[in-house]
Amino acid sequence: MHAIEAIDQLGEATLAPIYVMSGDGDYWAEKWVNAVTERVRKVYGDVERVHLGRQQEVSGAQVMTAWNTPNLWGRAQVFWLDQVSQPTAMATTLRTIAAHRADGRYLLLRERKPRAGGGEFSAPVIEVGPPSASRWRRWVATLAEKRGVKLSSDGLSALVHLIPQDGYHLEHELEKMRLGNRQGAWTQEEVLDAVLPEMGEEAVWAVTDALMAKDPARLAEALGRSLDQGKAPVMLLALLGRQLAQLRRALDAPSAAAFQAAERLPDFVSRKVFRYAHRWGSEELATALFWAADLDRWFKQSWGDSGVVLTEYVVLILAGVPRQSGRARG
């Protein structure tokens, strides 16, 4: 069962002691954990949520220690187990927990790869990968209604088209729409004009990886491809700005481990960013970020062709041109 249906059916249902979240969708895993937490809160009041394996893999012994530690912060606990070492050995721990259920304690295990043969132990499986198109459309409509954002039928279709699967991006755009305080329903034309389109992971990685590596040819190609696909220049600028800021924080970090802990990134991602950061100089990054802020003002005032200006910007920052007169434009 996908998380969307699971959340809908949660209601007053009796909770299992353990659930398995199967798939690599962080957004849906978070939504399911939040839904279970709220369901437990209705029964027990205060709930302590313990997130294990957020930064690194945890063993069965560590899970059992956390499970057996007295709860000092509420009548119930929800354990979110994100990364495990030795899954087969972990199954023994989880079978022990399931067999000796403690009242008010629930464990939600994340398995990023699909389960083969039903897994090592018996537990309800909640799919947290990308939902089907029909499920996603229903989720977009439900979330818009909860946020008080009215959408016409074609407005809903436009929003689904612009944001086909990124839940975090969807919530950000709905919040912007809510703050617009419109009285009527958003039409297709209004949604297309106001909402920044979702960028696919492949496009995001191509642009950010080329930027971090200081590869002008690759970055120009990736940026040009994204612009040709209709990606908004202002969204691409925000993407580049966030990556530059992250590189600067990595450059200032005392170690790769400290950077990972501060950023809460997967290990392989933090190592890559930390490694690439040392291809940059502190002044280079400061200048690039200064220009990004200036460029943002340029875009908001609609001066010139934003796609052309953005391309010139990345060429200049990779060429190492010094800041001049407090302007990103020459």
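## Overview

Helices (H or I, at least four residues) and strands (E, at least two) are DSSP runs, numbered from the N terminus. By this assignment, Asp228 is found in helix α10, which spans residues 216-228. The protein chain has 15 helices and 5 strands.

The model is predicted: local features need pLDDT of at least 70, side-chain atom pairs count only at pLDDT 80 or more, and totals for chains, interfaces and linings use all residues. Residues are numbered from 1 along each chain as its sequence is written, and side-chain values use heavy atoms, with hydrogens and water left out.

## Burial and contacts in the chain

Relative accessible area sorts residues into buried (under 20%), exposed (over 50%) and partly exposed (in between), using a 1.4 Å probe and protein chains only. Of the 330 residues of the protein chain, 45% count as buried. Asp228 has 72% relative accessibility and therefore counts as exposed. The C-alpha atoms of Asp228 and Gly307 are separated by 9.7 Å, although the two residues are 79 residues apart along the chain.

A contact means heavy atoms within 4.5 Å. Among contacts in the protein chain with a separation of 6 or more, 79% are between residues 24 or more positions apart.

Two packed helices are described by the angle between their axes and the distance between the axes. Axes here are lines fitted to C-alpha atoms, for helices over the stretch in contact, and angles run from 0 to 180 degrees between N-to-C directions. A crossing is left-handed if the near helix is turned anticlockwise from the far one by less than a right angle, and right-handed if clockwise. In the class counts below, Ala, Val, Leu, Ile, Met, Phe, Trp, Tyr, Cys and Pro are nonpolar, Asp, Glu, Lys and Arg are charged, and the others, Gly among them, are polar.

The axes of α5 and α7 lie 11 Å apart, and the helices pack at an angle of about 30 degrees. The crossing of α5 past α7 is right-handed. Trp136, Trp139, Val140, Leu143 and Ala144 of α5 make the contact with Gly167, Leu170, Glu171 and Leu174 of α7. By class, this contact of α5 with α7 has 7 nonpolar, 1 polar and 1 charged residues.

With α6, the axis of α5 comes within 10 Å and crosses at roughly 115 degrees. This crossing, too, is right-handed. On the α5 side are Trp136, Arg137, Val140 and Ala141, which meet Ser153, Leu156, Ser157, Leu159 and Val160 in α6. The contact of α5 with α6 has 6 nonpolar, 2 polar and 1 charged residues. The buried residues of α6 are Gly155, Leu156, Ala158, Leu159, Val160 and Leu162. These buried residues pack against α5, α7 and α8 (188-194).

## Helix α2 against helix α5

Helix α2 (residues 26-44) and helix α5 (residues 133-146) have axes that come within 15 Å and cross at roughly 55 degrees. Angles under 35 degrees count as roughly parallel, over 145 as roughly antiparallel, 65 to 115 as roughly perpendicular and the rest as oblique. The two helices α2 and α5 are therefore oblique to each other. Their crossing is left-handed. Tyr27, Trp28 and Lys31 of α2 make the contact with Trp136, Trp139 and Leu143 of α5. By class, the contact has 5 nonpolar, no polar and 1 charged residues.

## Salt bridges

A salt bridge is a side-chain nitrogen of Lys or Arg within 4 Å of a carboxyl oxygen of Asp or Glu. The count by this rule is 13 salt bridges. One of them joins the side chains of Arg135 and Glu5 at 2.9 Å, N to O. This pair links distant parts of the chain, with Arg135 in helix α5 and Glu5 in helix α1 (residues 3-10), 130 residues apart. Arg135 is partly exposed because its relative accessibility is 28%, whereas Glu5, at 16%, counts as buried.

Arg147 and Glu171 also meet through their side chains, at 2.9 Å, N to O. Arg147 is partly exposed at 24% relative accessibility, and Glu171 is buried at 16%. A further salt bridge joins Asp215 and Arg218 at 3.3 Å, N to O. Both are partly exposed, Asp215 at 26% relative accessibility and Arg218 at 37%. Salt bridges that share partners join Lys31, Arg147, Glu171, Glu175 and Arg178 into one network.
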